[in-house]
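Reader: I would like to go through the labels attached to this structure one at a time, with each value set against the rule behind it. Could we begin with the rule for burial?

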Amino acid sequence: MTTLTNKLKEKDTVYFIAALAVVIVALFLPTSIALVATSLFFALYAFFRPQQSLLFLVIYVSIRPLLVEVNSGLKLVGDLITVIAFAKLVLSSGRNWKTLFHFKWFEWAYFALMVAGSISGLLQGVLPAAVIFQIRTFIIMYLLYYIISRLVLPDDWLKRLAWVTVWTGMITCIHGLIEKLSMRQLLLPDVWKYKTLSATNAVRIYGLPGNPNSLALLLLFGIMALLFLQNIYKGEKYKWFLNINLVLFIGVFILTYSRGTWISAFVLGAIFILTTRNWQLLKRLVIAGIASIILIYYPVNLGVKLVAKLGLEPVEPDIGSIAGRFGETFDQENLALMTESGRFFYITKGFEIFKEYPIAGSGFGSFGGSATLSYGSPIYDHYGIRSDIYGGKFFYSDNQYIQIITETGVIGVILFAAFLLGMLYLFWKERKTTMGKFMIALWFATCFSGFYYNIWELKLYTMFYFILFGVFASMTNQYTKFKMKDL
């Protein structure tokens with residue numbers, strides 16, 4: 001209790017709570033006033049406390065879908081923090097500003113990919129606004145890497161990042177369990193509450209991120225944060241708090257029924273444990289996993305049945321199961337749907353388009369990316385990709401590689417491969433360190449995720465990835481670093 005009281009008195013905690021209070025109050029303000037008020041506050045917050053504002057992004061980006069659904073006036077907070085922190089870095093560079101233009105090979109490949117995709121898109125008749133939208137999606141979280149990699153970070157910055165992630169995950173887990181037990185009737189915006197879900201998705205927890213896959217990704221990084229903190233606090237301090245949350249996080253992680261994230265987590269964990277030979281970590285995860293099934297998974301599903309029997313839900317719910325979720329992957333009906341309008345459909349259409357634009361592709365904003373969700377595509381009608389197939393809206397291609405192949409052709413594939421392998425090269429040079437081994441494992445998990453997610457367009461994931469990559473680059477002195485202290 002004394003430790004908590006002391007923490008609340010610290011200046012960092014006071015400013016952090018103030019930022020949270022501004023967000024909460026803004027939810028109840030008229031949209032225009034909320035937009036102006038939050039823009040002014042967070043512009044100043046990011047300028048005077050840039051390092052802490054970057055940590056605040058973990059909270060904001062994780063729950064942004066909920067915040068924007070309640071009040072769209074909060075939509076600029078993340079971009080403002082990132083852009084102002086970038087501007088502050090430029091100012092901090094002083095006479096060494098030329099070093100800001102020193103880039104690694106993977107960065108040059110990434111920039112070249114942006115240029116190639118943009119030119120191709122404009123030549124194919126994609127709206128300039130759509131092209132800009134797509135570039136922003138790829139670049140905005142990369143800026144976090146750019147900023148953090150060039151900062152002199154405090155020794156405890158990674159620990160602070162872990163704590164923010166844990167508290168965000170804990171609140172999200174509690175909310176998710178309430179959502180699950182109330183049959184999506186409590187603590188949700190009306191639009192979410194009455195949203196029609198398929199039988200497959202109705203059993204999943206969506207949580208504050210508003211998407212079960214996004215929630216699972218948040219909890220994946222939350223589990224990493226807990227394990228990191230357990231490694232720091234090896235004594236009795238925070239022992240029970242961390243252990244209880246580890247069980248909670250894994251339990252809710254399972255209840256998202258996110259097959260893709262389960263697979264990514266397995267790849268990440270397997271590679272890291274094998275390279276570090278940390279069998280104690282494996283033992284800890286197995287014990288926590290078993291405890292989460294006994295204490296979270298089964299009780300929550302039984303609770304859902306009990307709520308239904310009490311008459312709070314007229315229809316006997318399908319609570320879902322782990323085996324059933326994996327079984328759906330190879331279910332004939334599900335495979336037919338994927339072929340007709342899902343992942344297989346997009347892969348087939350992608351290669352069909354690639355055959356006509358093999359060199360430079362059809363361009364950014366033309367196929368299965370963030371831009372097409374908002375702007376559609378000038379080539380969709382020609383290839384029979386209609387929004388009515390998907391219930392009146394377009395979807396991601398759910399495969400980063402087919403999107404790159406289709407939109408940027410052979411040129412883009414080469415540049416994207418250089419981008420990925422360039423990062424791996426940096427990690428490989430530090431393979432003898434624990435951080436290097438972790439980044440190698442994270443790299444493989446990320447690349448694997450690209451087979452079933454547009455992973456480089458998922459802001460929640462790329463935020464964590466580029467923040468951790470930035471910390472790695474700062475720790476290994478990849479660039480000239482600058483001091484940018486919080487006031």
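Author: Buried means a relative accessible area under 20%, exposed means over 50%, and partly exposed covers what lies in between, computed with a 1.4 Å probe and protein chains only. The model is a predicted one, in which local features need pLDDT of at least 70 and side-chain atom pairs count only at pLDDT 80 or more, while totals for chains, interfaces and linings use all residues. Residues are numbered from 1 along each chain as its sequence is written, and side-chain values use heavy atoms, with hydrogens and water left out.

Reader: Why is N399 called buried?

Author: N399 has a relative accessible area of 8%, and the limit for buried is under 20%, so N399 is buried.

Reader: What is N399 in contact with, leaving aside its neighbours within four places in sequence?

Author: Contact means heavy atoms within 4.5 Å, and with those neighbours set aside N399 is in contact with I347, G450, F451, Y453 and N454. N399 itself is found in the loop between α19 and α20, where helices are DSSP runs of H or I with at least four residues, numbered from the N terminus.

Reader: How do you know that the span of α12 is close to the expected one?

Author: The expected span is 1.5 Å times one less than the number of residues; α12 has 21 residues and reaches 30 Å from its first C-alpha to its last, close to the 30 Å expected. Of the 21 residues in α12, 16 are buried, and the helix is mostly covered.

Reader: How many disulfides are there?

Author: A disulfide is a covalent bond between the sulfur atoms of two cysteines. The rule asks for a pair of cysteine sulfur atoms within 2.5 Å, and by this rule the count comes to zero.

Reader: What makes C173 and C447 buried?

Author: C173 has a relative accessible area of 0% and C447 one of 11%, so C173 is buried and C447 also counts as buried.

Technical notes:
Helices (H or I, at least four residues) and strands (E, at least two) are DSSP runs, numbered from the N terminus.
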